[in-house]
Amino acid sequence: MAEMKKAGFTAASSVTAGLAVLLMRMPKSAYLTFAPSPTNRIDSFFSYFDTILLGYANIFPILTGALAVMVLILNLIAALQKRVYKKGVFALSVACAACSLLALATLAKHPFIPAVILLLLSANAGICYMAKIKAAK
């Protein structure tokens, strides 16, 4: 029974991290505003994993994406090896949610997709925390 609970927590964490990564792959998940003149503003949309965001010093979307991919990989390794890396996955999930919050702050003009990503990553951190508590009992 305890093994099924571990598998359930790992699966739920993998699903939330996977959905967040899929949303980050969408081409309209992050944006940059360019101003070719003082009165003209152009919004250009990019994926969280696009390196142009780094070129314009918007580091939080790509950092959030990298951490979310690491969480997903750790969850998949844990599922295949029948182990649960509780502390590592929880720490990465919290860091990922914090970076996602900062990404949401920098992408505040078009907040829907970053807000959904933040909710998914916060749910992932909560699932990892619940798994950590259940394992301690």
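Tyr129 is partly exposed, having a relative accessible area of 43%. The structure is a predicted model, and a search of the whole of it finds 3 aromatic pairs.

**Aromatic pair of Phe34 and Tyr56**
- The ring centres of Phe34 and Tyr56 are 5.1 Å apart and their planes stand at 80°, so this pair is classed as edge-to-face, given that planes over 60 degrees apart fall into that class.
- Because Phe34 belongs to strand β1 (residues 30–34) while Tyr56 lies in the loop between α2 (52–55) and α3 (60–81), the pair ties together parts that are 22 residues apart in sequence.
- Phe34 itself counts as partly exposed, with a relative accessibility of 24%.

**Aromatic pair of Phe90 and Tyr129**
- Between Phe90 and Tyr129 the ring centres are 5.7 Å apart and the planes are at 40°, so the pair is described as tilted.
- Phe90 is part of helix α4 (residues 86–106) and Tyr129 of helix α5 (residues 112–136), and the pair therefore ties together parts that are 39 residues apart in sequence.

**Charge over a ring**
- The charged end of Lys28 sits over the ring of Phe45, at 5.2 Å from the centre of that ring.

Methods:
Residues numbered from 1 in each chain as written. Predicted model: local features only at pLDDT ≥ 70, side-chain atom pairs only at ≥ 80, totals over all residues. Heavy atoms only, no water. Phe/Tyr/Trp six-rings, centres within 6.5 Å; stacked < 30°, edge-to-face > 60°. Helix = DSSP H or I, 4+ residues; strand = E, 2+ residues; numbered from the N terminus. Buried < 20%, exposed > 50% of the residue type's maximum accessible area, 1.4 Å probe, protein only. Lys NZ or Arg CZ within 6 Å of the ring centre and 35° of its normal.
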